[in-house]
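Open the model in your viewer with a cartoon view and a way to select by residue number. The stops below say what to select next and what is there.

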Amino acid sequence: MHLEKKEVDDVLGGKDAWKDVDQTQTTCPNYDKCGSNRAYFKKLQIRSSDEPETVFYRCVACFTQWNEN
């Protein structure tokens, strides 16, 4: 039986999600490879309104994405 992958939406907003967002100084998880200490960041409310926002980062050099809970 062969299962086909279902196309899913990018929950962070697609290809324009990181357009016109601010940058901050932070260390990329892949610092050993890219050497970057700058990242784009944005805050999103992904849980209920009584929970804090989640901060998402994207490295300006290697485009690795990570979040801070």
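Buried here means under 20% relative accessible area, exposed means over 50%, and partly exposed lies in between, with a 1.4 Å probe and protein chains only. Strands (E, at least two residues) and helices (H or I, at least four) are DSSP runs, numbered from the N terminus. The model is predicted: local features need pLDDT of at least 70, side-chain atom pairs count only at pLDDT 80 or more, and totals for chains, interfaces and linings use all residues. Residues are numbered from 1 along each chain as its sequence is written, and side-chain values use heavy atoms, with hydrogens and water left out.

**Whole chain**

Of its 69 residues, 20% count as buried. The chain exposes about 5800 Å², of which carbon and sulfur atoms supply 44%; the areas come from the Shrake-Rupley method with a 1.4 Å probe, and for residues only the protein chains shown count as cover. With contact taken as heavy atoms within 4.5 Å, residues 24 or more positions apart account for 28% of the contacts with a separation of 6 or more.

**The sheet**

Now select the strands. In which order do the 4 strands of the open sheet lie? The order is β1-β2-β3-β4, and the pairing is antiparallel. The edge strands are β1 (23-25) and β4, each of which pairs on one side only. The twist averages 40° from one strand to the next; axes are lines fitted to C-alpha atoms, for helices over the stretch in contact, and angles run from 0 to 180 degrees between N-to-C directions. Two strands pair if DSSP finds at least two bridges between them.

Go across the sheet from β1. Antiparallel β1 and β2 (residues 38-44) are joined by 3 bridges, and Q23 stands opposite Y40 in β2. Between β2 and β3, also antiparallel, there are 6 bridges; here A39 has C59 in β3 as its bridge partner. Then 4 bridges join β3 (residues 54-59) to β4 (residues 65-68), again antiparallel, and V55 has E68 in β4 as its bridge partner.

Stay on β3 and colour by accessibility. This strand is mostly covered, with 5 of its 6 residues buried.

Select L44 next, in strand β2. At 26% relative accessibility, L44 counts as partly exposed. From L44 to T54 is 10 residues in sequence and 5.4 Å in space, C-alpha to C-alpha.

**The hairpin and its loop**

Select β3 and β4 together. They form a hairpin with 5 residues between them, and F63 in the turn has a positive phi of about 65°. V60 lies in the loop between these strands and is partly exposed, with a relative accessible area of 26%. Show the surroundings of V60: leaving aside neighbours within four places in sequence, V60 is in contact with Q23, S36, R38, A39 and Y40. The C-alpha atoms of V60 and R38 are 6.0 Å apart, although 22 residues separate the two along the chain.

**The aromatic pair**

A pair of aromatic rings is described by the distance of the centres and the angle of the planes. Rings of Phe, Tyr and Trp (its six-membered ring) pair if their centres lie within 6.5 Å; planes under 30 degrees apart count as stacked, over 60 as edge-to-face and the rest as tilted. By this rule there is 1 aromatic pair. Select Y57 and W66: the pair is stacked, at 5.4 Å centre to centre and 20° between the planes. Both Y57 and W66 are buried.

**The cysteines**

Last, show the cysteine sulfur atoms. How many disulfides does a search of the whole structure find? The count is 0, where a disulfide is a pair of cysteine sulfur atoms within 2.5 Å. C59 is in no disulfide either, and the nearest cysteine sulfur, that of C62, is 3.7 Å away. C34 is partly exposed, with a relative accessible area of 26%, whereas C59 is buried at 0%.
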